[in-house]
Amino acid sequence: MRGALLVAGTHSDAGKSVVVAGICRWLAREGVKVAPFKAQNMALNSFVTREGAEIGRAQAAQAAASRVEPEAAMNPVLLKPSAERKTQVILRGKPYATASARSYQGMKGELLPVVLESLGELRRRFEVVVCEGAGSPAEINLRDNDIANMGLSRAASLPVVVVGDIDRGGLFASLYGTLALLDEEDQALVGGFMVNKFRGDTAVLAPGLARMSELTGRPFFGTLPWVAGLGLDGEDSLALDAPRDVRPPRGGDVLRVAVVRLPRISNFTDLDALSHEPGVAVRFTESSQEILAADLAVLPGTKATVADLGWLRSHGLDGALAERARRGLLTLGICGGYQMLGERIRDGVESGEGEAPGLGLLPVETVFGEEKILARPEGRALEFADAEVSGYEIRHGRVLRLGGEPLFATDGSATGSANGPRNGDAEGCRIEATFGTSWHGVFESDSFRRAFLHRVAGERGLDWIAGDEPFAARREAQLDRLGDLVAENVDREALLRLIEDGTPDGLPVVSSQLSTSSQFSVSSDQLEAGQATPPHAVVSRNGTGAPNYPTVAPGAVSETKIDKKLRTEN
């Protein structure tokens, strides 16, 4: 078979990433050569491919679901918000520009050809490409320059499935409204819907699905049940609001990890592997008391090192970290967090603020360079049973160790771009109980993770025992569960037809136009002057005044003055 599909959602976090990963794993197990694709991703959690390209972390996980190596073509445009309402634009894995929200809209015209070339490249090499949309396709303020949702679908003739999250409520209104806000050409590409995170008896839901299909002329391809612990790698800090389960401890104690929740925290997926261990409780916090009381404190990565360092000081968290160092309590800084622990930061690139004093807890200095370091290094953890460790680097900061002991020994053979200044064949720094490294993902190395946590437990006098399951095995099992979720709850034959044949012709157009029977009439002049007001009040049956708002008529074809105004402007 050959074909492609775009999975859109009624809103951010509707489950697009998880559905794409599930479809990819299901198809891969069926012997289909499949690849994921997301034209534009806004995320501070990113990953480095083996060729040294930076892509969204979710696309790397979807590639793993597809059982293929992640590559730059799978996420040609990556947006990384930073300080002062600026965003770094990553194009095909490399820094391309810095833009504001407004200037980025004007940039999309030059990005679309790169997006289509990347998608075309994947479609030539793979039998099926499963694309993920961004946000909602009904963001009508962004439709003119859209490269991620219906703009991509129309340019590449992609059939679309819209996913709705029923757990949040308002499923039918969200699905109907999303479709109704699209113009006729875009609606013609929407082949149907999918329900995500359903709890309860599907028989209760069935009448609603049937009625929606009557109203829209489109089927539901499946209802995915709510299953705990199936989330993919989070793309932004909203994922930190979800509670983290603590696996039952094998010893008598739980090891507590406090992670500083920086305003522009990045690559917080570094801590996922710690949560994998039994009896490890990971909490993201802004509380100096929690940071001081934890068995291990982590200062994570950030896209705005100098700005977040200022925030850290303004909230008194610098004192808690200094007190940990005085007491000999273990603290780890990763990438931007490592840079903050040093003596000074010279940044003429990210913040443009010049030199800023660090926390002074590690003898290192950081100088920011224009070229971003993107690499996949490997080494050995010197003080942790010489355990093998690997990770990835995503940074502009070059860190120079002025004293202390290195954390890792490396032969300097990291894949990707040049790694910047190193102290011989060493990486990271340690002074007593304070550690720092520029490498992300080091806790995914099982031997190092367990040895590090055993050090923490030993110094705190805790009865803590590590688990036996490799982190990679657990991730693989999770992807298999996503594949099972799709295989068991989706009309597979119908979905395969949509992928191969595209959206069928002749689907009805759902209208969002106001019914002409409404007494609500506003002139174009009133609309432009902001003088549109609701119509006069009427008396309801309980005697209170209620505005007589216009009704929305499914399938209405007439056009009011408001509709004409909106149509001509958009």
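Entry 1. Before anything else I noted the terms: strands here are DSSP runs of E with at least two residues, numbered from the N terminus. With that settled, I looked up Thr302 and found it in strand β17, which covers residues 301-302. I also jotted down that this is a predicted model.

Entry 2. I counted 17 helices and 31 strands in the protein. Of the 570 residues, 55% are buried. The exposed surface comes to about 23,800 Å², with carbon and sulfur atoms supplying 49% of it. I then turned to contacts between residues at least 6 apart in sequence, and 75% of them join residues at least 24 apart.

Entry 3. Is Thr302 buried or exposed? I looked up its relative accessibility and got 9%; the cut-off for buried is under 20%, so Thr302 counts as buried.

Entry 4. Next I asked which residues Thr302 is in contact with, leaving aside its neighbours within four places in sequence. My list reads Leu262, Arg264, Ile265, Ser266, Asp308, Gly336 and Met340. I also checked Gly337, which is 35 residues from Thr302 in sequence, and the C-alpha to C-alpha distance is 7.2 Å.

Entry 5. What does the side chain of Thr302 make a polar contact with? I found the side chain of Asp308 at 2.6 Å. The backbone takes part as well: a polar atom of the Thr302 side chain lies 2.9 Å from the backbone nitrogen of Ala304. Arg264 and Asp308 were already on my contact list for Thr302.

Entry 6. I finished with the confidence values. The pLDDT averages 86 over the protein, and 85% of the residues score at least 70. Over residues 413-423 the pLDDT stays under 50, and the model has 33 contacts for them beyond four places in sequence. I marked residues 514-570 too, where the pLDDT is below 50 and the model shows 56 contacts beyond near neighbours in sequence.

Note on methods. Residues numbered from 1 in each chain as written. Predicted model: local features only at pLDDT ≥ 70, side-chain atom pairs only at ≥ 80, totals over all residues. Heavy atoms only, no water. Helix = DSSP H or I, 4+ residues; strand = E, 2+ residues; numbered from the N terminus. Buried < 20%, exposed > 50% of the residue type's maximum accessible area, 1.4 Å probe, protein only. Contact = heavy atoms within 4.5 Å. Areas by Shrake-Rupley, 256 points an atom, 1.4 Å probe, with all protein chains shown as cover. Polar contact = N/O pair within 3.5 Å; in protein donor to acceptor, adjacent residues only side chain to side chain. pLDDT = per-residue confidence, 0-100.
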